[in-house]
Amino acid sequence: MTTRVPMAELPTLVGRQLGPTAPVLVDQDRIDRFAHCTLDDQWIHVDPVRAAVGPFGTTIGHGFLTLSLLSHFFGELLAVDDAALAINYGLERVRFPAAVTSGSLLSATAEVRQVRPETGFTMVTTRVTMRAEGSEKPCCVADCVTRFVAHPSEAGS
């Protein structure tokens, strides 16, 4: 479920929980394609036979694959209707408390932690928590910083 607000209302979201998102399947095909793109072909990710006797009993998704889904999930969690654009400004903190086994369905929630209006843009820090369906622990917790840029005609307001 997407929370939609104008930029002026972003400060009202501090402390608010957003989501959850629709689930995304992290299957072996997605893991293999990510490994190919990033040149990270460690056996725990791409060798189902060897991984079957490994610590998770199957292959697992890369931590950075999980993290890369943050952009998709964030777009489902928050939309700022009157922003000219949203820019990924960076991450304050990232942790991977649990592995994502092949075949997992991931979804995300977020808590708006800080909103800092500036001239021409607003910086928003959210703590995004991703979970695999049926897992007690989250698979990724990241403090995401996003810059919502005002339209040039509104930059001085």
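Q: Let's start with Arg4: does it count as buried or exposed?

A: Arg4 counts as exposed, at 56% relative accessibility. The cut-offs go like this: buried is under 20% relative accessible area, exposed is over 50%, and partly exposed is in between, using a 1.4 Å probe and protein chains only. Keep in mind that this is a predicted model, where local features need pLDDT of at least 70 and side-chain atom pairs count only at pLDDT 80 or more, while totals for chains, interfaces and linings use all residues. Residues are numbered from 1 along each chain as its sequence is written, and side-chain values use heavy atoms, with hydrogens and water left out.

Q: Which side chain meets Arg4 in a salt bridge?

A: The general idea is that side chains of opposite charge can pair when their charged atoms come close. Here we call it a salt bridge when a side-chain nitrogen of Lys or Arg is within 4 Å of a carboxyl oxygen of Asp or Glu. The partner of Arg4 is Asp81, at 2.9 Å from N to O. Arg4 lies in strand E1 (residues 3-5) and Asp81 in the loop between strand E4 (78-80) and strand E5 (83-95), so this pair ties together parts 77 residues apart in sequence. Those element names are DSSP runs numbered from the N terminus: helices (H or I) need at least four residues and strands (E) at least two. Asp81 itself is partly exposed, at 47% relative accessibility.

Q: How many salt bridges does the structure hold?

A: Four. Among them is the pair of Arg33 and Asp29, whose closest N and O atoms are 2.9 Å apart. These two sit four residues apart in helix H1, which means about one helical turn separates them. Arg33 is partly exposed at 47%, and Asp29 is partly exposed at 45%. Another one joins Arg113 to Glu111, with 3.5 Å between the closest N and O atoms. Arg113 comes out as partly exposed at 39%, and Glu111 as partly exposed at 23%.

Q: Staying with H1, which of its residues are buried?

A: First the rule: an α-helix has 3.6 residues a turn, so residues three or four places apart point the same way. In H1, the buried residues are Gln28, Ile31, Phe34 and Ala35. They cover an arc of only 125° around the axis (taken from the directions from the helix axis to the C-beta atoms), which puts them on the same side of H1. His36 and Cys37 are exposed on the other side. The buried residues pack against E3, H2, helix H3 (48-52) and helix H4 (63-68); contact here means heavy atoms within 4.5 Å.

Q: Where is His45, and what does its side chain reach?

A: His45 lies in helix H2 (residues 43-46). The side chain reaches the backbone oxygen of Ile60 at 2.7 Å. His45 is buried, with a relative accessible area of 7%. Leaving out residues up to four places away in sequence, His45 touches Gln28, Ile31, Asp32, Asp40, Thr59, Ile60, Gly61 and His62.

Q: How many aromatic pairs does a search of the whole structure find?

A: Two. In one of them, the rings of Phe64 and Phe96 have centres 6.4 Å apart and planes at 90°, so the pair is edge-to-face. Phe64 lies in helix H4 and Phe96 in the loop between E5 and strand E6 (104-118), so the pair ties together parts 32 residues apart in sequence. For the cut-offs, rings of Phe, Tyr and Trp (its six-membered ring) pair if their centres lie within 6.5 Å; planes under 30 degrees apart are stacked, over 60 edge-to-face, and the rest tilted. Phe64 is exposed at 59%, whereas Phe96 is partly exposed at 36%.

Technical notes
Polar contact = N/O pair within 3.5 Å; in protein donor to acceptor, adjacent residues only side chain to side chain.
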